[in-house]
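Subject: Structure for you to look at

Dear colleague,

I am handing over the structure below, and after it you will find my notes on what turned up when I went through it. Please read them with the structure open beside you.

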Amino acid sequence: MYRLFLGKISTLCTAPLLPALAECAPDGKRRSAWLAGRALLCHAVSPLPEIRFGEQGKPGFDDNHALWFNLSHSGDNIALLLSDEGEVGCDIEALRPRPQWQQLANATFTSNEHLEIEREAEEHRLAAFWRIWTRKEAMVKQRGGSAWQIVSHDSTAPLHLHVSDLQSDGLSLAVCTPTPFSVSTQMIEWVA
């Protein structure tokens, strides 16, 4: 079972949380996204199990719960992928201009990923960049890796991983799962 939730940070960060949970929120710039992520988790799993952190800092539930999750946010958008199949990764990016996207692609994309971009019409190449970027991020996050490892992943040849992506409503979304799962607008649960 996979469940994919999307919401707005500006709305979810004001949702009521248990005081003990709200007190754990960091101060500063990350606070709203952290609170929104916990609100999504509380919406999806109740009661919310204890959250632990893996070797590379990836959050997960304690070993007594056979559930895995991954959170991602971009701008005011936040995504939660929940699974009972094993470790998952997700990435969401707001489709936006990125003047230096070609230089970033040259530094981080494989030759197969470059071919995917080159097959697109010029006006669709930035969207192709975001599609590939979110797939690579989802793959890294599924394994609990850090962003610098994105270079070592080829999203066109996921090997034993299952990678699916969707671009809709100004967002690029990708998931990486241990078993087949296809992202579609029908699979998304919007949380207000």
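Predicted model: local features only at pLDDT ≥ 70, side-chain atom pairs only at ≥ 80, totals over all residues.

Cys176 has a relative accessibility of 0% and therefore counts as buried, a word that I use for residues under 20% relative accessible area, with exposed for those over 50% and partly exposed for those in between (1.4 Å probe, protein chains only). Residues are numbered from 1 along each chain as its sequence is written, and side-chain values use heavy atoms, with hydrogens and water left out.

To stay with the cysteines, a search of the whole structure finds 0 disulfides, a disulfide being a pair of cysteine sulfur atoms within 2.5 Å. Cys176 is in no such pair, and the nearest cysteine sulfur to it, that of Cys90, is 11 Å away. Cys24 is likewise in no disulfide, with the sulfur of Cys42 as its nearest, 11 Å away; Cys24 is exposed, since its relative accessible area is 51%.

As for the chain as a whole, it holds 6 helices and 9 strands, where helices (H or I, at least four residues) and strands (E, at least two) are DSSP runs numbered from the N terminus. The C-alpha trace spans about 50 × 35 × 30 Å along its principal axes. The radius of gyration is 17 Å, which agrees with the value near 16 Å that a compact globule of 192 residues would have; it is taken over C-alpha atoms, and the globule rule is 2.2 Å times the number of residues to the power 0.38. Of the 192 residues, 47% count as buried. If we look at contacts (heavy atoms within 4.5 Å) with a separation of 6 or more, residues 24 or more positions apart account for 54% of them.

The largest pocket has a volume of about 820 Å³. The search ran on a 1 Å grid over the protein atoms alone, and a pocket is an open set of points where a 1.4 Å probe fits, with protein on both sides within 12 Å along at least five of seven lines, in contrast to a cavity, from which the probe cannot get out; lining residues have an atom within 4 Å of a point. Grid points are joined across faces, edges and corners, and the volume is the space filled by probe spheres set on the points. There are 28 lining residues, and those nearest the centre of this pocket are Pro59, Leu71, Ser72, His73 and Lys141. Two or more lining residues come from each of helix H3 (31–44), strand E4 (68–74), strand E6 (89–94) and helix H6 (125–142), and H3 gives the largest share, with 5 residues. By class the lining has 10 nonpolar, 10 polar and 8 charged residues, where Ala, Val, Leu, Ile, Met, Phe, Trp, Tyr, Cys and Pro count as nonpolar, Asp, Glu, Lys and Arg as charged, and the others, Gly among them, as polar.

The peptide bond from Ser46 to Pro47 is cis, with omega near 0°, and Pro47 lies in the loop between H3 and strand E2 (51–53). Asp169, a residue other than glycine, has a positive phi, near 50°; it sits in the loop between strand E7 (162–168) and strand E8 (171–177) and counts as exposed because its relative accessibility is 72%. Gly170 is found in the loop between E7 and E8, is partly exposed at 40%, and touches Glu93, Ala94 and Leu95, leaving out residues up to four places away in sequence.

Finally, two histidines. His153, in the loop between H6 and E7, counts as buried at 8% relative accessibility, and beyond four places in sequence it touches Thr110, Glu113, Lys136, Met139, Val140 and Arg143. His43, in helix H3, is partly exposed at 47% and, with neighbours within four places in sequence set aside, is in contact with Phe5 and Val191.

With best wishes
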